[in-house]
Amino acid sequence: MQLGSSRRNQNPDRPLPPSLFNCRYEEAHLARIALPVRAMIGLRQVILRNSGSGTAAAWAFTTLAWNAGRKAPRALLRILPLVLLALLNVALFGVSGVFTSYVTKVPGNTTIILGPHCGGAEGTPAADPGGIYLSKVLEDTKQAAAYAKQCYQGSSSLACGTYVRQSLPFTTQQNVSCPFAKGLCRFNDQSAFAMDTGLLDSHDDFGINAPPKNRIKFRRLTTCSPIYGADFGSDRDEPGLGTVVYINAGLTPQLVEIGNNWTFSYVARSAFDRLHAYSLSSVYGQADPTGVLHSTGAMWYPDPRLNQTDSDITLMMLTQNDVYYRTPSDDPWIAAHEKLNGSDVYMGDYTVSLLGCIDQYQFCNPNLEGDTACTKLGGINSVAKDMVDRFVYFNLDQLATVERFMTTTHLHSMYQAVQGRGGSALDIGQKLYNGHQYSVPANQWQIEVSNWFALSLAKAQAWPIEWATEPQNFDAPKEGEDSPWQYSPPTTPEAEAQCRNQLVHNSGDYKSLSVLGMGLILALGGVIIILGLFLDSCVGLLQRGKRAYLREQWWTEETLGLHGAAYRALGVSTNWGDEVPPSSVFQGLTSASDGYRSVPLGGADAEGKSDGGIIVSERHESHRDTVV
C-alpha cells in the first residue's frame with residue numbers, strides 16, 4: 001500500500017473537476033508567493049536585529065528590496081518604510097551632533113578670570129606712597145592710551161581681545177551748552193562738545209558677572225570747550241626768569257602755603273628757547289557737597305566762573321612754545337595765524353590757551369522705575385550724596401558694584417588722561433617733525449578730547465579685571481624695605497563673591513560650557529543607552545506562553561546565534577566550550593553539487609563524538625522530502 005493514496009486521484013486519466021483544479025492551482029500559486037515573502041520578512045528581521053548603524057541598515061534594506069523585488073510582490077512597499085526609518089535615524093543623530101557642539105558656544109564667548117589678590121591696593125604708613133602711586137597711575141594711563149589707539153578708533157588687533165567688549169560705546173554731540181559762565185566759551189555759549197556713554201551695563205560692558213537683579217547701570221558724560229583766558233591771565237617780570245605768565249583760575253591751599261598763589265605759570269622765553277614741542281598742564285577739582293575734601297587743603301578750588309555745575313572739573317593749559325606751522329591753524333585751541341617775520345611760516349596766536357572739561361556720572365538700578373531708579377547727573381561725590389538724600393535703592397550686591405566704581409572713578413577722569421604726560425598726551429604732537437607742524441584740522445581740539453575720553457573708558461575697562469586679580473604696575477619693594485603699598489581685600493561677602501565673578505574675553509584658551517545643555521545631553525543619552533541595553537531583555541520577559549517562540553527567534557537571529565547556526569549547517573559542532581574554532585576547520589571543505597565534503601579533524605572518536613574539539617561530518621547526498 002502506498003502512502004497518501006487516499007488523497008490522490010485513483011484514475012490518472014480521469015480529468016479533475018474544475019473546482020478542484022482551481023483550488024489546487026491557487027494553493028500552489030499562494031505557496032509559491034508566500035515562500036519569498038516569508039523569506040524577505042525573516043531577512044528584514046535579521047537586518048533589524050544585527051545592523052550596527054542606521055546607515056548600514058538603510059543600505060541592507062535597499063539591497064534586500066532590489067534582490068527580493070523580483071521574487072516577492074510589493075517588496076519595495078514592504079521595505080521602503082524601514083529604509084526611511086533608518087535614514088531618519090541617521091538624520092536625527094546627525095542634526096543632534098551639530099547642535100551638541102553649541103554646548104560649548106555660550107553667548108558672549110567669555111570666561112571667568114581669577115587672581116591671587118582680589119580687591120586692589122592701598123598705601124601704607126610705612127613709607128610715603130606718593131611717588132609709587134603716581135608712577136602706577138601714569139603707567140596705567142600709558143597702557144590705556146595704547147589700547148584706546150588700537151581698539152577705539154575702528155581698528156582691531158590681537159591686543160583688543162582682553163575685555164568682554166573691545167570698546168565701550170559713546171556718542172558725541174557738537175554745539176551743546178557751555179558748562180561755564182556766560183561768555184567764557186570760545187565762539188559762543190552753544191559751542192561746547194559733549195561725549196556721552198549712555199547707560200552702560202555692569203555685566204555686559206564691564207564683565208562684572210551677576211544675575212539681572214544684581215546688575216547696575218553706569219553713565220559718564222563729559223563736556224569740554226576752549227575758553228577765553230584773558231580774564232584769568234596776568235604777567236610780570238620775575239628775577240632770572242623774565243616775563244612769566246600766570247593763570248589765576250582758582251587756588252590750591254597747600255600750594256598757596258609754599259607761595260604758589262596761582263593755577264598755572266609759564267615762562268615766556270620758552271617760546272624762543274628752541275623748545276620744539278607742545279607743553280600741556282592740567283589741574284583737577286572734584287565737586288564737594290559736604291566740604292570734606294576741601295577741608296584737607298589738597299583740592300583745587302575752581303574759580304566761580306568755572307564752577308557753574310555740579311561736576312568734577314579739569315582745566316588744561318596748552319603752550320605752543322617754539323612750534324611753527326606751514327599752514328594757518330583755525331583750531332580755536334591751537335590757533336596759528338601770525339607769520340614769522342614775513343615768512344611763510346606761522347606762529348601760535350596765544351602764549352597760553354585754556355580748555356575746560358567737566359565730568360558727570362550717574363548710577364541706575366535697572367530693576368526699578370521712576371525718580372528713585374537713578375541718581376542725578378553730577379560729580380562723583382555729589383552722586384554719592386544724592387543716593388542717600390533721595391534714597392536711590394540698591395541691594396547689597398549692587399552696592400558692592402557701585403562702591404567699586406565710586407572708589408576709582410576719579411582715576412578715570414579727563415585729568416588723569418593727560419596729567420603727567422605733558423605734550424605727549426596730544427595727538428597733534430605726534431605729527432610734529434623737527435618742530436614744524438604741516439597741517440592742523442579745524443576741529444583738532446575735539447579730536448584730542450575724544451581721544452582722552454576713549455582713554456579714560458579704556459582705564460575703566462581695565463580696572464575691574466585688576467580689582468578681581470591683583471594690582472598692576474606697582475614696583476616691588478627692595479629687599480629690607482617696607483612696602484609703600486599693601487593689598488586691600490574686600491570686606492563684605494558681596495564683594496568677596498565678585499572676586500570669583502569677573503568676566504574676560506575668551507581668546508580660545510578656555511572653553512565655556514552650558515550646564516543645562518550638558519545636563520540634557522547626559523540625561524537623554526543615558527536614557528537611550530539604558531533602553532538599548534535592556535529593552536530587548538524586558539520585552540523578552542513579556543514573551544511567554546504562545547509567544548515564547550518570538551523570544552527564541554530573536555535570540556537565534558542575533559549575530560552569534562546566526563554564526564553558530566552557520567557552523568552547524570556545515571556539520572561543524574559548536575560545543576567547543578571556551579575554545580575558538582580554528583580557520584583550518586574549512587581546509588577540507590569543498591563545494592560539490594551534491595553537498596559539502598570534508599574529512600574528520602582530530603579530536604573525534606570512532607563514533608564521531610567530540611572530546612571538546614571540533615567535528616566535521618560528511619555529507620554525501622542531498623536530502624529531499626518525497627511523496628510516493
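Guide: What follows goes through the disulfides one at a time and then turns to their surroundings.

The model is a predicted one. The protein has 13 helices and 22 strands, and 38% of its 628 residues count as buried. The number of disulfides comes to 5. A disulfide is a covalent bond between the sulfur atoms of two cysteines. With the bonded cysteines numbered in sequence order, the pairing reads 1-10, 2-3, 4-5, 6-7, 8-9. Three of these bonds are described here.

Cys-118 is bonded to Cys-499, with an S to S distance of 2.0 Å. This pair links distant parts of the chain, the two cysteines being 381 residues apart. Cys-118 sits in the loop between β1 (110-113) and β2 (121-123), while Cys-499 sits in the loop between α10 (493-498) and β20 (502-505). Both cysteines, Cys-118 and Cys-499, are buried. The torsion about their S-S bond is about -85°, so this disulfide is left-handed.

The bond between Cys-178 and Cys-185 has its sulfur atoms 1.9 Å apart. Here the S-S torsion is about 75°, and the disulfide is therefore right-handed. Cys-178 and Cys-185 are buried.

Cys-224 and Cys-357 are joined by a disulfide with an S to S distance of 2.0 Å. Cys-224 belongs to strand β6 (residues 217-227) and Cys-357 to strand β17 (residues 353-364), so the bond ties together parts that are 133 residues apart in sequence. Its torsion of about 115° makes the disulfide right-handed. Cys-224 and Cys-357 are both buried.

Met-316 is itself one of the residues that touch the most other members of the largest nonpolar core, which has 56 residues. Tyr-278, Leu-280, Trp-333, Phe-363, Val-449 and Trp-452 are named with Met-316 in that group. Helix α9 (residues 444-468) supplies the largest share of this core, 10 residues. Another core, of 21 residues, lies apart from it, and Ile-227, Ile-247, Ala-271 and Leu-354 are among its members.

Of the contacts in the protein between residues at least 6 apart in sequence, 67% join residues at least 24 apart.

Cys-538 has 44% relative accessibility and so counts as partly exposed. The unreviewed UniProt entry places the feature "transmembrane region" at residues 79-103 and 515-542. In the model, residues 515-542 are 100% helix and 0% strand, with the end C-alpha atoms 39 Å apart. Residues 79-103 are 88% helix and 0% strand, and there the end C-alpha atoms lie 37 Å apart.

Technical notes. Residues numbered from 1 in each chain as written. Predicted model: local features only at pLDDT ≥ 70, side-chain atom pairs only at ≥ 80, totals over all residues. Heavy atoms only, no water. Disulfide = S-S within 2.5 Å. Helix = DSSP H or I, 4+ residues; strand = E, 2+ residues; numbered from the N terminus. Buried < 20%, exposed > 50% of the residue type's maximum accessible area, 1.4 Å probe, protein only. UniProt positions renumbered as here; feature names shortened; annotations may be inferred. Contact = heavy atoms within 4.5 Å. Core = buried A, V, L, I, M, F, W, Y, C linked by side-chain atoms within 4.5 Å.
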